[in-house]
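Me: I would like to learn how to read helix packing, sheets and domain records in a model. Can we work through one together?

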Amino acid sequence: MLSPGLNRRVIARRRERGLFLLAVPALLLLGVLFAWPVLRLLAMSVEGGTLEHFRKAALDGLYVSVLLESMKVAGMVTAICLVLAYPVAFWLSRAGRLGLALGMFALLLPFWTSVLVRTYAWLVLLGRNGVINRALRDWGWIEVPLPLLHNMTGVLIGMVHVLLPYMVLPIYASLLRIDPDLPRAAEGLGAPAWRAFLRVTFPLSLPGVSAGCALIFVLSLGFFITPALLGGGRVIMVSMLIEQQVREFLNWPFAAALSTVLLVATLAIYALIGRLTRGSRLATH
Amino acid sequence: MRRTRRRSAGNIVLGIFAAAVFAFLLLPLLVVFPISLSSAAYLQFPPPGYSWQWYQRYLDDPSWIEATLRSVQVATLCTVLAMALGVPLAFFLVRSRFPGVRVLDRVTAAPIIVPTIILSIALYGVFARLQLIGAWYGLAVAHAVLALPFVVILVSAGLRGFDEAQEQAAAGLGATWPRIIWRVTLPQLRPSLVSAAFLSFISSFDELVVAMFLSGASMTLPKKMFDNILMEIDPTIAAVSVLQILLVSVALGLTSLFGRGALTTTITR
Amino acid sequence: MQLSVQRIVRRFGPVAALGGVDLEVAEGEFLTILGPSGSGKTTLLKAIAGFEIPDEGTVLLGGEDVTLAPPRQRDVGMVFQNYALFPHLTVAQNVAFPLEMRRRPRAEVARRVEDVLRLVELQSFGGRLPRQLSGGQQQRVALARAVVFGPRLLLLDEPFGALDRKLRESLQLEVRRLQRSLRLTTLFITHDQEEALIMSDRIAVMDKGRIQQIGLPGDLYARPATRFVADFLGESNLLEGTASAASASIPGFGEVPLAAPQPAGPVTLLLRPEALRLGGEVEALPCRARGTVVETVFLGLSAKLRLRLQDGPEVLARVPLRPSAPPPAAEGEVVTVGFSPEDVHVVPRA
């Protein structure tokens, strides 16, 4: 007869096997329709054993400038979102029940509304004869319509609108995790409210800030619909370039090379910000 | 005295700022309401008069209705798949002591991080070879890949917050594993499950980039809207937008009723 | 039903959470496992309930080997530390749960749920959800759920930990009453020695994965088998000295006669604080010492004094108080304390 200990290990192994069987269908789906196709695409970039496509992506001024422009857009969107989101998250973290409910509704309703609906609405609002320009002209504030659409301004407005909740919610969550007695204690120890905020509350909320920044930067880098519709061809993102290469030129290897560059940049930035987050978390504990 | 006043002044500024941001978030959703009721054929604001003609046109146009129904169909299958695969996966990721489980956790979240355009053209290549371009169920399966991480994140969060002593208690009281999961665990995960299903449905219903590549000639609602925005911009799309906003509001209300707060956890984690 | 645990060993890596535990619980007995956290008592309970399978040893329930049986086949009722009531089920549904799992007919389920809820005086609370009850009521629901299916054994895992003192005391009595009326073999786990002394037929003191001593509460208190038991159960003065045949030399007190001769060498004597006397009666006692009162704590019916003995250690004395009597001694005062040699217990050396 086996000892109880051996039996326990057999039971534990059976349990692990059972749990793993639960994961198999999902892992199959991810393997067959995510990992494999993506890796296959990436492999296409070096088809024929040549780095020619990467050289083209790295040396041709057009592609380099698109990549830089994408980075610039992602950075600006992240910065604007942070500036707008932090005060809102802070306000939400101290709001009463009604304020919180209304604020969450205002955040989540656009969040769940189709990006197309929102982009369409911005077209209506920002166009030469759009709601905003017309109102400003009717009130006599301007004579020539402001260029709000089909340029960088339009793209930034549209993207910030789509991504803002991704910044507010993590910051809000990390603010909620801070014991409200901590800033109170700092004030009790003689710090003015703003210093208590700077020295205690803000550093403790950094994990949420960096989580939000990482997510927004990475998501904006791959954005496609909003810049395509609101940029009017004047703002070109890498993803639009990739689409064009596949759709119009059927140049799969080059699209694959661009995809590789985009993916590597995305993962690198995500890992980098993740590392910074962990550092700041260590510092706060 | 002075101090409290200054602080409340700061609070007022903060409140005004927050209100302005909320207005910025809601403004685009509000503006489509009057336009959808416009009597003018072109985009005009404020509308010269009011009518239901654009709703009428949406309902009378078989191509709009067909696209809507196809999107509902795709989103439903996507939800069923994402839930059927994602909920068991979440159990594995939370409960297993297998050392590689943390790596798998990361891999599962990857479809959120990897730019959609990359996944789209990657799948385009595979689907073209399998002659699945244009098949609604093919699109639904692809959407399930995108919805899976949301389901896993939400259900895992629910499972981590679940007190496992409850399962022990149930086992001690005589319940078998399937009955423990069905009677004790899943009912308590309901908020997470409801939110996960809602999220899967909406994420598929709104998805455009993958659909642009995989749906071929058969239109989904987002694709039809995209084309409409590029081509004509008549207020029909405003009517469609209003219907979508109302749908989301109702669903949001229902989920917050049954899904107590679980929705926000997806984005906060 | 009778429970027998034989040579149970459970190792977690290099640490032995249970290092060969033997335990016999008689039918209808209320036995308490008393020990500090980390002593292995929870692991032992889990092994008996079936949530943990030991590395070695056997668990016998009514003579049947259940060492490897899954929890659901053991028919053991358990009350968890935080009750583990199902929050989505009503009180009645919670209590009905074990009966439903056993596929009892509906009428029987209803009748037994009603009976047991009456037994714990919650008959009108069947329709409520657990979160609508107070802590004490939740505890009683957990108890009802654990006994409704007529378990062979009842396990209580620190069930009073989350309750305030007054409620705890009344529930302790109620649990005891219920256990006696149902004649349920019960294993109770706690780290609270007072609770153990109040409730148990017998107490087993656990430390470092082993049972240090098992016996009647009075025996354990008066004659602890190890230093750990002496220290853990009640307050104690452990006096270190040197034995020579029939007496021991204790710093401060001098020569103390021993009831049984001890081998020459170091010896530890246990003197409970209430055995240390103060005031007039001390003169008649053979063992005396002078000391300074360092601290006085009033405890209602008695006072606790900490004294530093001249040429000796610090000791605790607990003296009874009469309502109108003056305090026995003020802090800083020098007094004489003494004890009778019969009140001394020699703690065996490990």
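**Reading the model**

Reply: Start with the record, and keep in mind that this is a predicted model. For chain A, an unreviewed UniProt entry lists "domain: ABC transmembrane type-1" at residues 67-273.

Me: What is the helix and strand content over residues 67-273 of chain A?

Reply: That span is 79% helix and 0% strand. Its end C-alpha atoms are 19 Å apart.

Me: Which span does UniProt give for "domain: ABC transporter" in chain C, and what is its make-up?

Reply: The feature sits at residues 3-233 of chain C, again from an unreviewed entry. Here the span is 36% helix and 26% strand. The end C-alpha atoms lie 25 Å apart.

Me: Now helix packing. At what angle do α1 of chain A and α3 of chain B pack?

Reply: Read the angle together with the axis distance. Helix α1(A), residues 4-44, packs against helix α3(B), residues 62-95, at about 125°. The axes are 8 Å apart. Angles of 65 to 115 degrees count as roughly perpendicular and those over 145 as roughly antiparallel, so α1(A) and α3(B) are oblique to each other. The crossing of α1(A) past α3(B) is left-handed.

Me: Which residues make the contact?

Reply: From α1(A) come A:L19, A:F20, A:L22, A:A23, A:P25, A:A26 and A:L29. From α3(B) come B:L85, B:G86, B:P88, B:L89, B:F91, B:F92 and B:R95. By class, the residues of this contact are 12 nonpolar, one polar and one charged.

Me: How many residues does each chain give to the contact between chains A and C?

Reply: Chain A gives six residues and chain C gives seven. On the chain A side, the residues divide into two nonpolar, three polar and one charged.

Me: How do I read a sheet?

Reply: Begin with the pairing. Strands of a sheet pair through backbone hydrogen bonds, either parallel or antiparallel. Then take the strand order. In chain C, an open sheet of four strands runs β2-β1-β4-β5, with antiparallel pairing.

Me: Which strands are at the edges?

Reply: They are β2 (15-25) and β5 (64-65) of chain C. Each of these pairs on one side only.

Me: How many bridges join β4 to β5 in chain C?

Reply: Two bridges join β4(C), residues 56-61, to β5(C), and the strands run antiparallel. For C:L60, the bridge partner in β5(C) is C:D65.

Me: Which strands of chain C does helix α1 of that chain lie across?

Reply: Helix α1(C), residues 41-49, lies across β1 (3-12), β2 and β4 of chain C. It runs at about 120° to β1(C).

Methods. Residues are numbered from 1 along each chain as its sequence is written. Chains are lettered from A and ligands numbered from 1 in the order in which they are written. This is a predicted model: local features need pLDDT of at least 70, side-chain atom pairs count only at pLDDT 80 or more; totals for chains, interfaces and linings use all residues. Axes are lines fitted to C-alpha atoms, for helices over the stretch in contact, and angles run from 0 to 180 degrees between N-to-C directions. Angles under 35 degrees count as roughly parallel, over 145 as roughly antiparallel, 65 to 115 as roughly perpendicular and the rest as oblique. A crossing is left-handed if the near helix is turned anticlockwise from the far one by less than a right angle, and right-handed if clockwise. Two residues are in contact if their C-beta atoms, placed from the backbone, lie within 7 Å. Ala, Val, Leu, Ile, Met, Phe, Trp, Tyr, Cys and Pro count as nonpolar, Asp, Glu, Lys and Arg as charged, and the others, Gly among them, as polar. UniProt positions are given in the numbering used here, feature names are shortened, and annotations may be inferred rather than shown by experiment. Two strands pair if DSSP finds at least two bridges between them.
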